[in-house]
Amino acid sequence: MINNIIQQQIEYYRARASEYDEWFYRQGRYDRGEEFNARWFNEVDIVKSALLNKGKVNEILELASGTGIWTQELLTIGNKITAIDASQEVIEINRHKLNTRNVEYRQIDLFTWEPDAEYDLVFFSFWLSHVPPESIDIFLEKVYKSTRVGGQVFIIDSQFEPTSTAKNHTLKADGNIYITRKLNDGQEYQIVKVFYQPEQLQDKLIQAGFQPNVKVTDNYFIYATATKR
Ligand SMILES: C[S@@+](CC[C@H](N)C(=O)[O-])C[C@H]1O[C@@H](n2cnc3c(N)ncnc32)[C@H](O)[C@@H]1O
């Protein structure tokens, strides 16, 4: 079952590539009105400032890099970015948007990925929540391997907040991590979505060998910096 869901997740993001940004920019089905949108963007600014305050680094690894929403921020602090995603469709959008030689794209399934280099910063946004719990330790081990000693990891993800998703998605507080997502045309996919509490994420990062600092914004985001000593 889990392999099927992992495959569906890949297919979901491939099919969603051209409409993906509507979520982040609060358009179409994700437009929750002025007040909620303002909340969202204020919280995005808090997380963005925390990232940019890291200052300049040389090499960054971005996992599940998507359409470039965060790759474009990473470009302002890193000299070179290696961006991994399973979907060629989102990679092409990212490449076209950023149009830079400073990003090297690799199409890789992160569940079969084997780290082959160390980076000053390893970054992933809205990815950890899609890693099934049985795969999280192995995934974080690989992240640890990819971080140089003295380097850092920066993670951004979702808090459980029903207004973060599309108006025609129902977010139930029943703890079920297998959820249904719809495209604009109504096509449905099953994906994994795990909402971490700060203490849980903190424990996972300590277990992987990092020194973490986990924070949340008022409603929408959980974010963490973790250092490899
Ligand atoms: C929620 S999006 C996050 C994208 C980007 N990090 C952002 O914040 O906008 C999840 C991303 O994970 C990618 N993805 C899904 N399954 C994957 C897998 N098995 N290996 C690598 N990337 C995967 C999708 O193509 C998509 O770009």
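Tutor: Two strands pair if DSSP finds at least two bridges between them. Keep that in mind, and remember that this model is predicted.

Student: How many strands form the open sheet, and in what order?

Tutor: Start with the general idea. Strands of a sheet pair through backbone hydrogen bonds, either parallel or antiparallel. Here, seven strands line up as β3-β2-β1-β4-β5-β9-β8, with mixed pairing. The edge strands are β3 (103-107) and β8 (211-216), and each pairs on one side only. Neighbouring strands are turned by 15° against each other on average, direction ignored.

Student: In which sense do β8 and β9 pair?

Tutor: Antiparallel, over six bridges; β9 covers residues 221-227. Look at Lys215: it stands opposite Tyr223 in β9.

Student: Which strands does α3 touch?

Tutor: Helix α3 packs on the sheet against β4 (119-125), β5 (147-158) and β9. The direction of α3 makes about 5° with that of β9.

Student: Which residues touch the most other members of the largest nonpolar core?

Tutor: The idea comes first. In soluble globular proteins, nonpolar side chains tend to be buried together. In this model the largest nonpolar core has 34 residues, and Trp70, Leu74, Phe154 and Ile156 touch the most other members. Helix α3 (residues 34-52) gives the most to this core, with four residues. A second, separate core has 31 residues, including Ile84, Leu110, Val214 and Ala226.

Student: What does Phe154 touch, leaving out residues up to four places away in sequence?

Tutor: Among its contacts are Val47, Ala50 and Leu51. Others include Leu121, Phe123, Tyr223 and Thr225.

Student: Which residues come nearest to the ligand?

Tutor: There are 20 residues around the ligand, and Ala64, Asp85, Asp109, Leu110 and Ser125 come nearest. Now check the polar atoms. An N or O atom in the side chain of Asp109 is 2.8 Å from a ligand nitrogen. A polar side-chain atom of Ser125 lies 2.7 Å from a ligand oxygen. For Ala86, a backbone N or O atom lies 3.1 Å from a ligand nitrogen.

Student: Where is Ala64 placed?

Tutor: Ala64 is in the loop between β1 (57-63) and α4 (71-77). Its phi is near 55°, a positive value in a residue other than glycine.

Student: Is Ala64 buried or exposed?

Tutor: Use the cut-off: buried means under 20% relative accessible area, exposed over 50%. Ala64 has 17% relative accessibility, so it counts as buried.

Student: And Asn99, buried or exposed?

Tutor: Asn99 counts as exposed because its relative accessibility is 67%. Asn99 is found in the loop between α5 (88-98) and β3. The phi of Asn99 is near 45°, a positive value in a residue other than glycine.

Notes: Residues are numbered from 1 along each chain as its sequence is written. This is a predicted model: local features need pLDDT of at least 70, side-chain atom pairs count only at pLDDT 80 or more; totals for chains, interfaces and linings use all residues. Side-chain values use heavy atoms; hydrogens and water are left out. A nonpolar core is a set of buried Ala, Val, Leu, Ile, Met, Phe, Trp, Tyr and Cys residues joined through side-chain atoms within 4.5 Å. Buried means under 20% relative accessible area, exposed over 50%, partly exposed in between (1.4 Å probe, protein chains only). Helices (H or I, at least four residues) and strands (E, at least two) are DSSP runs, numbered from the N terminus. Contact means heavy atoms within 4.5 Å. Axes are lines fitted to C-alpha atoms, for helices over the stretch in contact, and angles run from 0 to 180 degrees between N-to-C directions. A residue is near a molecule or strand if one of its heavy atoms lies within 4 Å of it. A polar contact is a pair of N or O atoms within 3.5 Å; within protein, one must be able to donate a hydrogen and the other to accept it, and residues adjacent in sequence count only if both atoms are side-chain atoms.
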